[in-house]
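This report goes through the packing and strand pairing of one protein model. The sequence and structure come first, and the notes follow by topic.

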Amino acid sequence: MALPPLDAGTGPVWATAFSPDGRLLATTDDAVRLWDPMTGAPVTFLTGHTNIIWGVAFSPDGTRLATASHDGTGQLWELATGRLVAPLIGHTDMVWGVAFSPDGRHLATAGQDGTVRLWHPGTGHPVAALSGHAGPVYQVAFSPDSRMFATAGQDRSVRLWDSTNGRLVGPPLVGHGDRVNEVAFSPDGRFLASASADHTAGLWTLTTWPPPCRLLRGHVDTVEGVTFSPDSRRLATTGHDGSVQLWDPATALPIGDPLLGHADLVYRASFSPDGHLLATASRDETTGLWAFL
């Protein structure tokens, strides 16, 4: 069920994220905007970047917020005060993605400069710069047990990394015919999903090695985003065709008709911690909210 969208009137919305307790929804344009997802009321906003904010993530304990921006930096914020803890400076070009590990021990960013950078999640101090993709790295996501993280690259591959030593785990996962825009692990650890400009989403089964891939064909244009529901029973994909499609990861089949309502491309999406809400970021300058019973 579609709920009234959130409209800050400030331009395209590029990313969404729910706080771990579900009481806040973060959306990004050139600032981070925090909303009450139950009422749709704005709570506050955080400014500091000088260009588009492509990615946003809450720390697992809900005390920190990290961002990734077109201005070539990430930023680490203290939520209680809105204070900037530290700029994440090290990338030499725009920063596309950001993620905390579920155990709270790692913070990672993905950049146009072809590197993945690890930071101390409390202080923002740099830890390591990792290279492996042949070109820009668009997104990064940690496994539920925090032992691995996955990256999505312009080189059409997904790469898996060991969180403890920063080494690549196995060969690249290859199955897409164009750049990979986003990756996401299912909370139960069984699947890894990927979104690609080849108009498909990939569903990689992690219980078999090397992971086989099933391509999900439902969008008619670039697939930008992938996100799993907390119970791992739904995968949502978002695309340039303006639609959101739900899939059953167990069968790789669509669940119902596409969710329509946006007037332009849908960039990213996120589920609330209880799985009852899906928030979608769109270039039509709104954040869509979809309720599930």
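Is tyrosine 267 buried or exposed? Its relative accessibility is 8%, so tyrosine 267 counts as buried. The model is a predicted one.

## Aromatic pairs

The structure contains eight aromatic pairs.

A second pair is formed by tryptophan 54 and tryptophan 96: the ring centres are 4.9 Å apart and the planes are at 40°, so the pair is tilted. Strand 6 (residues 53-58) holds tryptophan 54 and strand 10 (residues 95-100) holds tryptophan 96, so parts that are 42 residues apart in sequence are tied together by this pair. Tryptophan 54 and tryptophan 96 are both buried. Both pairs belong to one aromatic cluster, made up of Trp14, Trp54, Trp96, Tyr138 and Tyr267.

## Charges over rings

Two arginines are placed over aromatic rings. Arginine 268 has its charged end over the ring of tyrosine 267, at 4.5 Å from the centre. Arginine 33 lies over the face of phenylalanine 45, and the distance to the ring centre is 5.6 Å.

## Serine 270

Which side chain makes a polar contact with that of serine 270? The partner is threonine 16, at 2.8 Å.

Apart from neighbours within four places in sequence, serine 270 contacts Thr16, Ala17, Phe18, Thr227, Leu277, Leu278 and Ala279.

## The largest nonpolar core

The largest nonpolar core has 13 residues. Those touching the most other members are Ala193, Ala201, Leu203, Leu216, Val226, Phe228 and Leu235. At least two residues of this core come from each of strand 19 (191-196), strand 20 (200-205) and strand 22 (223-228).

What does alanine 193 touch, not counting residues up to four places away in sequence? Its contacts are Glu182, Val183, Ala184, Gly202, Val226, Phe228 and Leu235.

## Strand 28

Strand 28 (residues 287-291) has five of its five residues buried, so the rest of the structure largely encloses it. Both of its faces are covered: Thr287, Leu289 and Ala291 lie on one side, Gly288 and Trp290 on the other, and all are buried.

Strand 28 pairs with strand 1 in the antiparallel sense over three bridges, and leucine 289 is the bridge partner of leucine 3. Strand 28 also runs antiparallel to strand 27 (residues 277-282), to which five bridges join it. Here alanine 291 stands opposite leucine 277, a residue that is also in contact with serine 270. Strand 27 and strand 28 make a hairpin with four residues between them, and glutamate 285 in the turn has a positive phi of about 80°.

## Strand 8

Why is strand 8 (residues 74-78) described as largely enclosed by the rest of the structure? Five of its five residues are buried, and the description follows from this count. Gly74, Leu76 and Glu78 point one way from strand 8, Gln75 and Trp77 point the other way, and all are buried.

Strand 7 (residues 64-69) pairs with strand 8 in the antiparallel sense over five bridges, with alanine 66 and leucine 76 as bridge partners. These strands form a hairpin with four residues between them, in which glycine 72 takes a positive phi near 90°. Strand 9 (residues 83-88) also pairs with strand 8 in the antiparallel sense over five bridges. In that pairing leucine 84 stands opposite tryptophan 77. Strand 8 and strand 9 again form a hairpin with four residues between the strands, and glycine 82 in its turn has a positive phi of about 75°.

Methods:
Residues are numbered from 1 along each chain as its sequence is written. This is a predicted model: local features need pLDDT of at least 70, side-chain atom pairs count only at pLDDT 80 or more; totals for chains, interfaces and linings use all residues. Side-chain values use heavy atoms; hydrogens and water are left out. A nonpolar core is a set of buried Ala, Val, Leu, Ile, Met, Phe, Trp, Tyr and Cys residues joined through side-chain atoms within 4.5 Å. Buried means under 20% relative accessible area, exposed over 50%, partly exposed in between (1.4 Å probe, protein chains only). Contact means heavy atoms within 4.5 Å. Rings of Phe, Tyr and Trp (its six-membered ring) pair if their centres lie within 6.5 Å; planes under 30 degrees apart count as stacked, over 60 as edge-to-face and the rest as tilted. A charge sits over a ring if NZ of Lys or CZ of Arg is within 6 Å of the ring centre and within 35 degrees of the ring normal. A polar contact is a pair of N or O atoms within 3.5 Å; within protein, one must be able to donate a hydrogen and the other to accept it, and residues adjacent in sequence count only if both atoms are side-chain atoms. Two strands pair if DSSP finds at least two bridges between them.
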